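Hi there,

Here is the structure I promised to pass on.

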Amino acid sequence: MDLACTGSAEGAARRRLLVATLLGLTTRHSLAMETLLVTAVNRNGGSAVAARLLAEIYRRAGLGLQVEVLPAPRASLMALSDKADGELIRIASYGQTYPQLIRVDPAYYRVNVRGYSLPGRNASVQSRDDLKHYAVGSIRGMAYVQELTENHPALTLTQNPQQLFRMLAAGRLDVALCTTLAAQSALNTLGMKDLAVSPDLARFELHHYLHVRRKELVPLIADVVRRMKDSGELEQLTLQYEAAAVREATQPAQTSST
């Protein structure tokens, strides 16, 4: 489902509300709150978990949240050009490149990246250094791609996880780099099984970013994140939402087998 912003402002507003509803981010109290619009690059996997976590963080901060899902370059452009209030999740170093955005510390989510390959390709990936021996694919705009594949001689970038794993299935790649939850969702959707999976090649702490014009909200949101981490609530909710994401990712396969 393409939820990128196109067409009239009225149509865009409807799509934003649709995304917020699909991600479970609207509540009956939200109309009484100041609602911020943030961009995301995916509505599945880790992005869906992060969206649910941030919605709870915002609720505790007395704020409402809407999420607009866009291709990665457009998600950045909207936040940088002040057409959105911030970005859902980015790695810690993201703000060094874009000073218009302020990082909210501490991080509130994390992802692990692994390499996926077809058994017949005989790709043996035990560390990131092994990637240089293979034709690698990943998703355009993901910050972990640059870190894991810098100067890689045979790198292909796709628009989304489904396209990535279709290329892997077609034999156009040796290894697909993807975060674990996004990979689970895509593989289930495509009906792909029995792939060889590497150990974790990287772990990234992910932060919320706000546009500089919203800088007065950074301490408020950061305080909520800090208190939730200290109490253990954030980790508890993370595990709960990740388990729900896995169930949702496997539901189509269960339905089709009955």
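Beyond its neighbours within four places in sequence, Ile-102 is in contact with His-208, Tyr-209, Leu-210, Val-212, Lys-215 and Val-218. Please keep in mind that this is a predicted model. Ile-102 sits in strand β4, which spans residues 101-103.

Next, the aromatic rings. How many aromatic pairs does the structure hold? There are four. In one of them, the ring centres of Tyr-116 and Phe-165 are 5.6 Å apart with the planes at 80 degrees, so this pair is edge-to-face. Since Tyr-116 belongs to strand β5 (residues 109-117) and Phe-165 to helix α6 (residues 161-169), the pair ties together parts that are 49 residues apart in sequence. Tyr-116 counts as buried at 6% relative accessibility, and Phe-165 counts as buried at 0%.

Tyr-144 and Phe-204 form a pair of rings too, with centres 6.3 Å apart and planes at 35 degrees, so this one is tilted. Here Tyr-144 lies in helix α5 (residues 143-149) and Phe-204 in strand β10 (residues 202-211), so the pair ties together parts 60 residues apart in sequence. Tyr-144 and Phe-204 are both buried. Elsewhere, ring pairs link Tyr-94, Tyr-98 and Tyr-209 into a cluster; Tyr-209 is also one of the contacts of Ile-102.

Now to the β-α-β unit. Strand β1 (residues 34-40), helix α2 (residues 45-60) and strand β2 make up this unit, and it is right-handed. β1 and β2 run parallel and are joined by seven bridges, with Val-38 standing opposite Val-67 of β2. Strand β2 covers residues 63-69, and six of its seven residues are buried.

Finally, helix α7 (residues 180-190). Which of its residues are buried? They are Leu-181, Ala-182, Ala-183, Ser-185, Ala-186, Leu-187 and Asn-188. After α7 comes Gly-191, which has a positive phi near 70 degrees.

Best wishes

How values were computed: Residues are numbered from 1 along each chain as its sequence is written. This is a predicted model: local features need pLDDT of at least 70, side-chain atom pairs count only at pLDDT 80 or more; totals for chains, interfaces and linings use all residues. Side-chain values use heavy atoms; hydrogens and water are left out. Buried means under 20% relative accessible area, exposed over 50%, partly exposed in between (1.4 Å probe, protein chains only). Helices (H or I, at least four residues) and strands (E, at least two) are DSSP runs, numbered from the N terminus. Two strands pair if DSSP finds at least two bridges between them. A crossover is right-handed if, with the strands pointing away from the viewer, the path from the first strand over the helix to the second runs clockwise. Rings of Phe, Tyr and Trp (its six-membered ring) pair if their centres lie within 6.5 Å; planes under 30 degrees apart count as stacked, over 60 as edge-to-face and the rest as tilted. Contact means heavy atoms within 4.5 Å.
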